[in-house]
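Please keep the sequence and the model in view while reading.

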Amino acid sequence: MTEIALLGGKVRKQALPVVQPSSSPESPTLKRLMLPQGELAQFYDGDDGIRYIAQIELQAGSVRGNHYHKIKQEWIYMMSGEVMLIVEDLATKARESVQLNPGDLAFIQTGVVHTLQVTKSGQAIEFSTARFDPSDIYRQKLI
């Protein structure tokens with residue numbers, strides 16, 4: 001599994017491997033299975049329970065995000081489309097970006113401003129171990 005770390009590891013992107021169905025212990029936990037009946041993407045298998053999940057519609061030419069959280073860490077799984085994930089560390093003001101494509105999973109820690117610049121329409125799933133709290137959204141425009 002290919003992983004890219006941004007902002008000293010505060011943001012991580014991994015492309016989930018496409019594998020054949022297998023019960024082998026060598027099979028990665030996080031993966032994409034291309035089955036005759038359609039794709040099965042396994043993008044979370046952790047000890048912490050998921051308390052928030054949302055579907056994100058991505059419309060080409062739009063920008064989503066431009067905020068950060070103090071409590072909520074989040075994952076974004078790309079189902080379809082393409083986005084440029086732009087992130088900035090609040091503490092250091094370091095800024096980086098990475099393209100997310102279908103099958104990519106991004107993790108964003110707290111204190112990281114994040115924006116999705118949509119280059120190709122699609123769908124994504126956002127999830128977190130923290131519940132949604134509108135008072136934990138701090139607007140800060142990156143683009």
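Threonine 129 is buried, at a relative accessible area of 18% (buried means under 20% relative accessible area, exposed over 50% and partly exposed in between, with a 1.4 Å probe and protein chains only). The residue sits in the loop that links strand 11 to strand 12 (138-139); strands are DSSP runs of E of at least two residues, numbered from the N terminus. Beyond its neighbours within four places in sequence, threonine 129 is in contact (heavy atoms within 4.5 Å) with Tyr44, Asp48, Gly49, Ile50, Arg51 and Trp75.

The model is predicted, so that local features need pLDDT of at least 70 and side-chain atom pairs pLDDT 80 or more, whereas totals for chains, interfaces and linings use all residues. Residues are numbered from 1 along each chain as its sequence is written, and side-chain values use heavy atoms, without hydrogens and water.

The largest nonpolar core comprises 18 residues, and Val11, Leu58, Val83, Leu85, Leu100 and Leu116 have the most contacts inside it. Such a core is a set of buried Ala, Val, Leu, Ile, Met, Phe, Trp, Tyr and Cys residues joined through side-chain atoms within 4.5 Å. Strand 6, strand 8, strand 9 (95-100), strand 10 (104-108) and strand 11 each contribute at least two residues to this core, and strand 8 gives the largest share, five residues. Apart from this core lies another, of nine residues, including Leu16, Leu30, Trp75 and Ile125. In soluble globular proteins, nonpolar side chains tend to be buried together.

Leucine 116, leaving aside neighbours within four places in sequence, is in contact with Leu58, Ser62, Val63, Arg64, Ile76, Val83, Met84, Leu85 and Leu100.

Definitions and conventions. Helix = DSSP H or I, 4+ residues; strand = E, 2+ residues; numbered from the N terminus.
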